Amino acid sequence: MNKRVRSVLHVLISLGLGAVFIYSGSLKILDPTGFAQAIANYKILPDSFIHVTALYLPWLEVLCGLSILIPRWQKAAILLISSMALVFMLAVTSAMLRGLDISCGCFGQGSAAVGIHTLLIDTVVLSTCFLLVLLRKKSI
């Protein structure tokens, strides 16, 4: 793959992933109570951490969404986004194994129920992060 195509692909993928995280985080920022309830529904975190997580995690998502667009900060954003995706995959898997019928909370109110499709979305996020790393290293 030539350098120009790789560069354009890198920018487009960064914009797409950044937009998803900015959008997702913004929806949660607008409804912290609803997001706190979505977190509580997973029955993983102690009550004392739910509201703190609901207040700060969306801002981290927005910050990562913006940071992935800044070359100097992109490595850190990729690491954080990958970490969030992995943690979410564990939470979704746990909810599925326990038979919880809950909303994933990914995009605020009206998010999809946890399930295989939710895990697939996070797999796409992780794969996208991996692709960005490869494109940054110019090894494709």
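Which element gives the most to the lining of the largest pocket? Helix 4 does, with six residues.

This is a predicted model, in which local features need pLDDT of at least 70 and side-chain atom pairs count only at pLDDT 80 or more, while totals for chains, interfaces and linings use all residues. Residues are numbered from 1 along each chain as its sequence is written, and side-chain values use heavy atoms, with hydrogens and water left out.

**Helix 4**

Helices are DSSP runs of H or I with at least four residues, numbered from the N terminus. Helix 4 covers residues 74-97, and its 24 residues should span 34 Å at 1.5 Å a residue. The expected span is 1.5 Å times one less than the number of residues. The end C-alpha atoms of helix 4 are 34 Å apart, which agrees.

Buried means under 20% relative accessible area, exposed means over 50%, and partly exposed lies in between (1.4 Å probe, protein chains only). Among the buried residues of helix 4 are Q74, A77, I78, I81, M84, A85 and F88. An α-helix has 3.6 residues a turn, so residues three or four places apart point the same way. The buried residues of helix 4 pack against helix 1 (3-30), helix 3 (47-67) and helix 5 (116-137). Contact here means heavy atoms within 4.5 Å. After helix 4 comes G99, with a positive phi near 75°.

**The largest pocket**

A pocket is an open set of points on a 1 Å grid over the protein atoms alone, where a 1.4 Å probe fits and protein lies on both sides within 12 Å along at least five of seven lines; lining residues have an atom within 4 Å of a point. Grid points are joined across faces, edges and corners, and a volume is the space filled by probe spheres set on the points.

The largest pocket has a volume of about 640 Å³. Its lining holds 27 residues, and K28, L57, E61, M84 and F88 lie nearest its centre. Helix 1, helix 2 (32-41), helix 3, helix 4 and helix 5 each give two or more residues. The lining divides into 19 nonpolar, five polar and three charged residues. Ala, Val, Leu, Ile, Met, Phe, Trp, Tyr, Cys and Pro count as nonpolar, Asp, Glu, Lys and Arg as charged, and the others, Gly among them, as polar.

In helix 2, G34, F35, A36, A38 and I39 are buried. Helix 1 and helix 3 are among the elements that cover them. K43 follows helix 2 and sits in the loop between helix 2 and helix 3. Its phi is near 55°, a positive value in a residue other than glycine.

I102 lies in the loop between helix 4 and helix 5. It touches N41, Y42, A95, A112, A113 and V114, not counting residues up to four places away in sequence. I102 and A113 are eleven residues apart in sequence, yet 5.4 Å apart in space, C-alpha to C-alpha.

How do some single residues compare in accessibility?

| Residue | Relative accessible area | Class |
|---|---|---|
| C64 | 2% | buried |
| C104 | 7% | buried |
| I102 | 12% | buried |
| L86 | 46% | partly exposed |
| K43 | 61% | exposed |

L86 belongs to helix 4. L86 and T123 are 37 residues apart in sequence and 8.7 Å apart in space, C-alpha to C-alpha.

**Cysteines**

How many disulfides does the structure hold? It holds zero. A disulfide is a pair of cysteine sulfur atoms within 2.5 Å. The sulfur of C64 has its closest cysteine sulfur in C129, 9.3 Å away, too far for a bond.
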